[in-house]
Amino acid sequence: MRTARLRTVHPVLWAGWAALAAGAVMCVIGWYGISGERFAERQLPYLASCTVPGAALIIAGAVLLTHGRTALAAARVEELYGLLVATEPADADESGQAAAAPVAVSGDLLMVPGGTLWHRADCPLVAGKPDTLPVDSRLLARGELGPCPICEPSASDD
C-alpha cells in the first residue's frame with residue numbers, strides 16, 4: 001500500500017541525481033578547457049560557460065536530493081502511522097467488533113513494560129494493549145520515561 005505522495009518523490013530524486021551528474025560533467029569540461037589555456041582572458045569563457053553553471057547544478061542537485069529524501073522519509077512515517085492506527089486488533093471477531101479489552105480512563109497514564117514513553121490511556125499506540133501498566137511515579141521522577149509525541153500527556157493528567 002504505497003501512497004500517492006510516496007510515488008511522486010522518485011522524480012525529485014531522479015532529477016537530483018541528473019543535476020549532480022550534469023554539473024559534474026560541466027565542471028570537468030570547464031576544468032579541461034581552462035587547463036589548456038595559458039592566459040586568463042582565454043580561460044574566462046570556460047569558467048563562465050561550464051564551471052560556474054556546473055557548480056550551480058551540483059548545488060541544485062544536492063538540494064533536490066535532500067528534499068526528495070526528506071519527503072520520502074516523511075511519507076514512510078505517515079504510511080506507518082496510518083497502518084499502526086488503522087489496523088484492527090488481532091482478537092476481533094467476525095462482526096468486526098474488537099473483543100472487550102480493559103481500557104483505562106483517559107486521565108490515567110500508561111506505559112508499556114520495557115518502553116521509554118508514557119501515554120494517556122486513549123493514545124492509539126497503547127489503546128487495547130493488554131500488557132500496559134500504570135505509570136510508576138518513580139520512573140517519571142528519575143526522567144526514565146518521556147511523554148508520547150502522539151498523545152502528548154502531561155504529568156498533571158495522573
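Trainee: How many bridges join strand 1 to strand 2, and do they run parallel or antiparallel?
Mentor: Strand 1 (residues 109-111) and strand 2 run antiparallel, joined by 3 bridges. Two strands count as paired if DSSP finds at least two bridges between them. Helices (H or I, at least four residues) and strands (E, at least two) are DSSP runs, numbered from the N terminus. Before we go on: this is a predicted model, so local features need pLDDT of at least 70 and side-chain atom pairs count only at pLDDT 80 or more, while totals for chains, interfaces and linings use all residues. Residues are numbered from 1 along each chain as its sequence is written, and side-chain values use heavy atoms, with hydrogens and water left out.

Trainee: Thanks. Which residue in strand 2 is the bridge partner of Leu109?
Mentor: Leu109 has Arg120 as its bridge partner there. Between strand 1 and strand 2 the hairpin has 5 residues, and Gly114 in that hairpin takes a positive phi near 85°.

Trainee: What's the strand order in the sheet?
Mentor: The order is 3-1-2-4, in an open sheet of 4 strands with mixed pairing. Strand 3 (133-134) and strand 4 (146-147) stand at the edges with a single partner strand each, so one side of each is left without a neighbour in the sheet.

Trainee: In which sense do strand 2 and strand 4 pair?
Mentor: Parallel: strand 2 (residues 117-120) pairs with strand 4 over 2 bridges. Leu117 stands opposite Gly146 of strand 4, and Trp118 has Pro147 as its bridge partner in that strand.

Trainee: Let's zoom out. What pattern does the protein chain follow along the sequence?
Mentor: It reads α-α-α-β-β-β-α-β, with 4 helices and 4 strands in the protein chain.

Trainee: And what share of the chain is buried?
Mentor: Of the 158 residues, 21% are buried. Buried means under 20% relative accessible area, exposed over 50%, and partly exposed in between (1.4 Å probe, protein chains only).

Trainee: Which residues does UniProt list for "transmembrane region"?
Mentor: The unreviewed UniProt entry lists residues 12-34 and 46-66. UniProt positions are given in the numbering used here, feature names are shortened, and annotations may be inferred rather than shown by experiment. In the model, residues 12-34 are 100% helix and 0% strand, with the end C-alpha atoms 32 Å apart. Residues 46-66 are also 100% helix and 0% strand, and there the end C-alpha atoms are 29 Å apart.

Trainee: I was looking at Leu64. Where does Leu64 lie?
Mentor: Leu64 lies in helix 3 (residues 40-86), and at 30% relative accessibility it counts as partly exposed. The C-alpha atoms of Leu64 and Trp17 are separated by 8.3 Å, although these residues are 47 apart along the chain.

Trainee: Changing topic to cysteines: how many disulfides are there?
Mentor: The count is 0 disulfides, where a disulfide is a pair of cysteine sulfur atoms within 2.5 Å. For Cys148, the closest cysteine sulfur is in Cys123 at 3.8 Å, too far for a bond. Cys151 is in no disulfide either, with the sulfur of Cys123 the nearest cysteine sulfur at 3.7 Å.

Trainee: Are Cys148 and Cys151 buried or exposed?
Mentor: Cys148 is buried, with a relative accessible area of 2%. Cys151 counts as buried too, at 8% relative accessibility.

Trainee: How many salt bridges does a search of the whole structure find?
Mentor: It finds 2 salt bridges, each being a side-chain nitrogen of Lys or Arg within 4 Å of a carboxyl oxygen of Asp or Glu. Arg120 forms one with Asp122, where the closest N and O atoms are 3.1 Å apart. Glu37 forms a salt bridge with Arg42, and there the closest N and O atoms are 4.0 Å apart.

Trainee: How exposed is Glu37, and how exposed is Arg42?
Mentor: Glu37 is partly exposed at 22% relative accessible area, whereas Arg42 is exposed at 52%. As for the other pair, Arg120 counts as partly exposed at 25%, and Asp122 is partly exposed at 41%.

Trainee: Last one: where does Ile150 lie?
Mentor: Ile150 lies in the segment after strand 4, and at 39% relative accessibility Ile150 counts as partly exposed.
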